[in-house]
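Here is a short briefing on a protein model. Keep the sequence and the structure in view as you read.

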Amino acid sequence: MIRLLRFSAFLIIAGSVVLAQTPASNGKTKVALYAGVGHELTTYRVDLETASLVKQSSVTLPENVQEAWPHPSKRYLFVATSNRGAGMKADFNHVSALRIDPESGALTPLGEPQPLRSRAVHVCLDRSGAYVLSAHNLPRAGITVNRINSDGTLGPAVKQPDGLDFGIYPHQVMMMPSDRTVILVDRGNSAAEGRPEDPGALRLFHFKEGVLTNFASIAPNGGYGFGPRHLDFHPTQPWVYVSLERQSKLHVYRMQGDGLESDAAFIRDTLADPANIKPRQLAGTVHVHPNGRFVYLANRADGTVDYEGMRVFGGGENSIVVYAIDASSGEPKFIQRADPRSGHVRTFAIDPSGRLLVTASIQPLTVRGGTGITTVPAALSVFRIGADGMLEFVRKYDVETNGKIHYWMGILGLG
């Protein structure tokens with residue numbers, strides 16, 4: 001068994017999503033897990049009692065799976081795809097509607113995919129289920145809004161006004177609980193190779209009938225030293241938990257009306273040793289437990305070094321960090337650091353009942369240990385969540401990527 005906390009950590013995370021946050025299950029609710037490798041999106045049946053996954057079926061998408069989000073009815077899943085790859089230009093980009101079988105969770109294409117002007121790094125729906133919002137960062141930041149027809153198929157993009165301020169490098173788009181405000185999580189970029197830092201921000205837009213208008217920007221210190229990657233909302237309180245990728249921090253903001261307070265209420269380090277920063281040590285996905293008592297955040301490091309002519313993992317912290325949430329203030333208090341036992345975790349999700357957490361590593365990684373050089377496969381790692389919020393590792397399932405990327409995973413309670 002490879003303990004990556006001992007080797008350190010490696011995991012790349014973009015906007016993953018807890019696909020449904022519904023009341024606790026009575027044990028009879030059917031739950032599906034969806035995981036994308038390249039063009040293929042695979043359905044797994046989730047057994048909550050045994051904490052196990054059973055592979056069911058797969059569907060082929062127009063290009064590589066990037067991100068996905070379910071309809072509130074749980075009848076449809078909307079998936080962004082792109083031919084983007086290492087050193088490749090993304091010139092074939094779409095968002096597709098898929099029908100979800102309410103018994104098995106199996107997916108089937110629904111209607112025609114809608115073209116996107118560039119790769120969507122994240123997608124979400126408004127809370128009424130009337131629109132899909134797709135966030136873009138390269139070659140130009142932006143948001144595309146597509147109407148959802150009454151039969152679940154996708155309509156064309158809604159025309160947006162000129163002059164919208166999308167920032168430099170968005171990485172997530174989310175609808176606030178009011179359903180009147182969109183938050184675009186703009187990570188910015190660190191200074192590199194003689195280029196100055198691009199500042200980050202939480203960019204807020206009013207949203208009405210699919211149309212965006214500039215509203216506000218949360219950018220401490222002008223956005224310098226502020227690199228937000230991903231956020232999640234508390235299910236009942238006006239608290240927003242934001243991971244800062246470039247600073248390995250967790251910020252907590254309070255909602256105020258349709259907006260956010262300008263300053264973080266709480267700031268926490270995510271690393272066991274914040275001073276021991278390796279190349280590409282980054283914070284990633286953050287999810288609040290459905291009961292609102294805990295918040296989970298992924299640390300990731302995937303940098304490599306040369307060793308006997310091979311590129312091997314160069315160290316860092318790879319972990320899922322668990323914080324207890326103070327019920328009166330929203331303050332996160334560290335309680336655990338869990339090892340996913342796989343490499344390069346990009347997404348993780350919590351089942352709707354809050355009993356299981358599953359991590360998804362993006363691809364195999366070569367590591368150097370006491371017995372030589374080993375390849376750690378891509379995997380789905382399953383944890384039980386205790387009543388105290390602590391994670392207990394149960395098992396992992398190796399995922400064959402065949403040179404593709406295990407890019408996105410999410411969990412949905414079936415209707």
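This is a predicted model: local features need pLDDT of at least 70, side-chain atom pairs count only at pLDDT 80 or more; totals for chains, interfaces and linings use all residues.

Strands of a sheet pair through backbone hydrogen bonds, either parallel or antiparallel.

**A four-stranded open sheet**

- Four strands form an open sheet in the order E3-E2-E1-E33, and their pairing is antiparallel.
- Strand E3 (52–60) and strand E33 (406–413) stand at the edges. Each has a single partner strand, so one side of each is left without a neighbour in the sheet.
- Direction ignored, neighbouring strands of this sheet are turned by 20° against each other on average.

- Strand E13 covers residues 181–186, and six of its six residues are buried.
- In a regular strand the side chains alternate between the two faces of the sheet.
- In E13, Thr 181, Ile 183 and Val 185 lie on one side. Val 182, Leu 184 and Asp 186 lie on the other. Both faces are covered.
- Look for Met 174, which stands opposite Ile 183 in E13.
- E12 and E13 form a hairpin with five residues between the strands. Asp 179 takes a positive phi near 65° in this hairpin.

**Glu 67**

- Glu 67 sits in strand E4 (residues 64–70).
- Is Glu 67 buried or exposed? Its relative accessible area is 0%, so Glu 67 counts as buried, the cut-off being under 20%.
- The side chain of Glu 67 makes a polar contact with the side chain of Trp 408, at 3.4 Å.

**Val 295**

- Val 295 belongs to strand E22 (residues 294–301).
- Val 295 is buried too, because its relative accessible area is 1%.
- Which residues does Val 295 contact, leaving aside its neighbours within four places in sequence? Among them are Tyr 241, Leu 250, His 287, Val 321, Tyr 323 and Pro 332.
- Phe 334 is 39 residues from Val 295 along the chain, and their C-alpha atoms are separated by 9.5 Å.

Notes: Residues are numbered from 1 along each chain as its sequence is written. Side-chain values use heavy atoms; hydrogens and water are left out. Buried means under 20% relative accessible area, exposed over 50%, partly exposed in between (1.4 Å probe, protein chains only). Helices (H or I, at least four residues) and strands (E, at least two) are DSSP runs, numbered from the N terminus. Two strands pair if DSSP finds at least two bridges between them. A polar contact is a pair of N or O atoms within 3.5 Å; within protein, one must be able to donate a hydrogen and the other to accept it, and residues adjacent in sequence count only if both atoms are side-chain atoms. Contact means heavy atoms within 4.5 Å. Axes are lines fitted to C-alpha atoms, for helices over the stretch in contact, and angles run from 0 to 180 degrees between N-to-C directions.
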